[in-house]
2 protein chains.
Amino acid sequence: MIPANALTARTDHALPTRLARSAAVGSRGAGMPTARFADWLAGRADAHRFRVERIPFTGLDGWSFADGTGNLVHRSGRFFTVEGLHVAIGDGPDAEWRQPIIKQPEIGILGILAKEFDGVLHFLMQAKMEPGNRNLLQLSPTVQATRSNYTRAHRGSDVKYIDHFIRPGRGRVLADVLQSEHGSWFFRKSNRNMIVETTEDVSLDEDFCWLTLGQLGELLRLDNVVNMDARTVLACAPVAHDEPGALHSDTELLSWFTAERSRHDVRAERVPLAGLPDWVRGESTIEHVHGRYFRVVAVAVEAGNREVPSWTQPLFEPVDLGVTAFAVRSFGGVPHLLAHARVEGGFLDTVELGPTVQYTPRNHAHLTGAARPPFLDAVLGAAPERIRYEAVHSEEGGRFLNAESRCLFVETDAATTPDEPPPGYRWVTPGQLNSLVRHGHYVNVQARTLLAVLAAGAVRL
Amino acid sequence: MIPANALTARTDHALPTRLARSAAVGSRGAGMPTARFADWLAGRADAHRFRVERIPFTGLDGWSFADGTGNLVHRSGRFFTVEGLHVAIGDGPDAEWRQPIIKQPEIGILGILAKEFDGVLHFLMQAKMEPGNRNLLQLSPTVQATRSNYTRAHRGSDVKYIDHFIRPGRGRVLADVLQSEHGSWFFRKSNRNMIVETTEDVSLDEDFCWLTLGQLGELLRLDNVVNMDARTVLACAPVAHDEPGALHSDTELLSWFTAERSRHDVRAERVPLAGLPDWVRGESTIEHVHGRYFRVVAVAVEAGNREVPSWTQPLFEPVDLGVTAFAVRSFGGVPHLLAHARVEGGFLDTVELGPTVQYTPRNHAHLTGAARPPFLDAVLGAAPERIRYEAVHSEEGGRFLNAESRCLFVETDAATTPDEPPPGYRWVTPGQLNSLVRHGHYVNVQARTLLAVLAAGAVRL
């Protein structure tokens, strides 16, 4: 017989307050002062030998282009493959295209361990090398592991701290949700985003440090310090947003999203990588004939502190810096963000909510007038005093090379971003996005970076 | 400038109370007393000519087996196709199989119009003929339309009341979510489940009637009256459940679900219908060699009040009556249901929550001991006084022939359903399931039937 007092409340109302307290503590946490972080990170870089160099595809070890399909595959059948994707979305000039895509069916874990020190939640972050990051070493979640990693397909060392995330009941789960990765580069890839709180003693490995949410907010104001995996997990933290109301109720927002998902007829099918029209395979790259979008390249990596000390692998390299930005307007005193229901060919389910602007401007440089992507010029031309937040962040350095985006919150007005936005766009509050991100496949990874910036208090709208 | 008082509350806290008021009004609504309903439905049946007869595949008009694949397709390329599916789920004896599957990519609308009469919400229900229903005529949503229906692919009459659902802003949306259909019979099919409230005058077509939620609850106690489409929409009504707590917090529940979704490696690929091992195509059926699961059959239909007066089509016909049941136990005074994270080959995303038991017993009659499906015998052998609810309901009569299930809530105890259930099962409250059903791909269609029974007050646990 289980008594009533053995039941738990469905919602933990104290957690948002605890997260807010952690976000309010900047500059000085139990681990180290933020001012000392740069030295610590440089020290970690010095402690290991990291080298990444571009190689021709023939220099790949264990990877080859499969007979017939031309897909780029590993001989173990694991890790990931580079294949072709054919996307068709109804009618219109850009209604159909073919492109290379990364297929990686297994679900990874991106997990951040949390623990209170002096009554303040701290998060265990890792200085992790990823070959695609320009500065190689960035701050990653406690655990960032594909299933191959922690089931030893790499035949390398164990993944540190993984036990906190794969042994149910060991800690207290604060967030745990399957989130999509880049829908333009991955075919239906999702990762498990987890925040788990422990009260156990945790021995601190030398590549790890405890930081408050506020300290992470300080680091998120810097370029290329907090990696994508850390950002997407932080976005899932159930922080509180003080919002007396919104332009649209949650039910209206869900209804609009359902309509957006229903009205797009997206057919995405994997096709052979060989023979993709407009894509040319050379010795060291597969690239678009007009130099747009991205290249498939190969690298050789040496690293002292990764699961295996050296390896080769393919990476996707975008042709230029991206721009991802939320337009911000206040309605009735409550900040709203202009969300975009985006179709990306690799999404599991048609559309997800992205930022107002998510483009690589160079891909669209040849377009003029009405053919220009909506709101792009409003963001690119924003006066400096209207830019509330700006930093350059890297995408997943394990799959993408020099994939960087300027991430912005830009104050706009009715002239550039009207009260009634065009179809596919809707004003939502940060709190509404935060509610949606408890569930998968609502908010894309670019929007989640900007949500993390808000959650950590790197900007207060 | 939008003033603060133009904002809306994110949550409509009055709605659950209004739904509860409607659920409390049984026997006598503004439309008709429940006691007169059977006569009204019989009258609607008499007013039209309905006839369904089995025909050989060669009798199908416009449908044929495609060269090469053997897929059963319509010459218009629309409606749906019957293809093959190959499912592989990790290791184990039942880890791989092939079966026919229905592919129908377009998203339909299942919509119920709501309106207050004398301060009580009523729902506009339709007496609708579907060829696969044993009694042909059942109570359906106001609108039950594929996109082909309302974009005139049938070249038939307009879909009545559709405007309330496809013109944004015309009414007030109470629920709007994309929900999966049968994952064992459909490949990644979802429909838009909508409840829209209007304050306009609504002219009442003779095949339609207004009923309270309480009246719908009374009709849900009868066999084969409220059709599947009506049930899944009613399940999405945001009713209130008076629950001071739960065995697991919502975050713990989501975390368990995320783990379940992550641990299953499901690969489902469409394959040609021709040459499926263990499936035999005859003149009038495609059936399993051991007579299990279902048959693909063909029917000719005559109907006076459908969009087109006569047609032929394929249907899936299960071999026997199914059983779908939730085990119910009270923990700390709060009723809990034992949910099952089910893999179904046609799901978009690996698993959804189903009832404790969801089987066609005849498919498993050859199994004994530990090979028997979990909890099936506990439900089949339940003492009559422990059966809190039981009725036979039909699945979608537009695609399935004589597809009926005994739907039950069965009180169980720790001996048959332990406090700590086996992997893949978890105790959840009705309120928790109701929160999840606001979002798609969490709760399967069989569990939604049982949720509708609760929402309409057909049983009070």
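Two residues are in contact when heavy atoms of one lie within 4.5 Å of heavy atoms of the other. By that rule, the contact between the two chains of this predicted model takes 49 residues from chain A and 49 residues from chain B.

**The interface between chain A and chain B**

- About 4,100 Å² of area is buried between chain A and chain B, and carbon and sulfur atoms give 53% of it.
- On the chain A side, the residues that lose the most area to chain B are I2(A), L7(A) and R10(A), which together make up 18% of what that side buries.
- Between chain A and chain B there are 4 salt bridges.
- The count of residue pairs in polar contact between chain A and chain B, with both residues at pLDDT 80 or more, is 18.
- At least two residues each of the side of chain A that touches chain B come from β10 (172-180), α7 (250-263), β19 (334-343) and α9 (430-436) of chain A.
- Helix α7(A) gives the largest share of that side, with 10 residues.
- By residue type, the side of chain A that touches chain B holds 19 nonpolar, 16 polar and 14 charged residues.

**A salt bridge between the chains**

- Side chains of opposite charge can pair when their charged atoms come close.
- E243(B) and R10(A) form a salt bridge through their side chains, with an N to O distance of 3.7 Å.
- This pair joins two chains, because E243(B) sits in the loop between α6 (228-235) and α7 (250-263) of chain B, while R10(A) sits in the segment before α1 (14-24) of chain A.
- E243(B) has a relative accessible area of 15%, so E243(B) counts as buried, the cut-off being under 20%.

**Salt bridges within a chain**

- Over all chains, a search of the whole structure gives 60 salt bridges.
- In chain A, E344(A) and R342(A) form a salt bridge in which the closest N and O atoms are 2.8 Å apart.
- Both E344(A) and R342(A) are buried.
- In chain B, the side chains of R134(B) and E404(B) form a salt bridge with an N to O distance of 3.1 Å.
- R134(B) is exposed, at 54% relative accessibility, whereas E404(B) is buried, with a relative accessible area of 11%.
- In chain A, salt bridges with shared partners link D12(A), R18(A), E116(A), R172(A) and E197(A) into one network.

- E197(B) is part of strand β11 (residues 190-197) of chain B.
- The relative accessible area of E197(B) is 9%, so E197(B) is buried.
- A polar contact of 2.5 Å connects the side chain of E197(B) to the side chain of R18(B).
- Apart from neighbours within four places in sequence, the residues in contact with E197(B) are R18(B), A114(B), E116(B), L121(B), G171(B), R172(B) and L174(B).

Notes
Residues are numbered from 1 along each chain as its sequence is written. Chains are lettered from A and ligands numbered from 1 in the order in which they are written. This is a predicted model: local features need pLDDT of at least 70, side-chain atom pairs count only at pLDDT 80 or more; totals for chains, interfaces and linings use all residues. Side-chain values use heavy atoms; hydrogens and water are left out. Helices (H or I, at least four residues) and strands (E, at least two) are DSSP runs, numbered from the N terminus. Buried means under 20% relative accessible area, exposed over 50%, partly exposed in between (1.4 Å probe, protein chains only). A polar contact is a pair of N or O atoms within 3.5 Å; within protein, one must be able to donate a hydrogen and the other to accept it, and residues adjacent in sequence count only if both atoms are side-chain atoms. Buried area is the accessible area (1.4 Å probe) that two parts lose on being put together, summed over both. Ala, Val, Leu, Ile, Met, Phe, Trp, Tyr, Cys and Pro count as nonpolar, Asp, Glu, Lys and Arg as charged, and the others, Gly among them, as polar.
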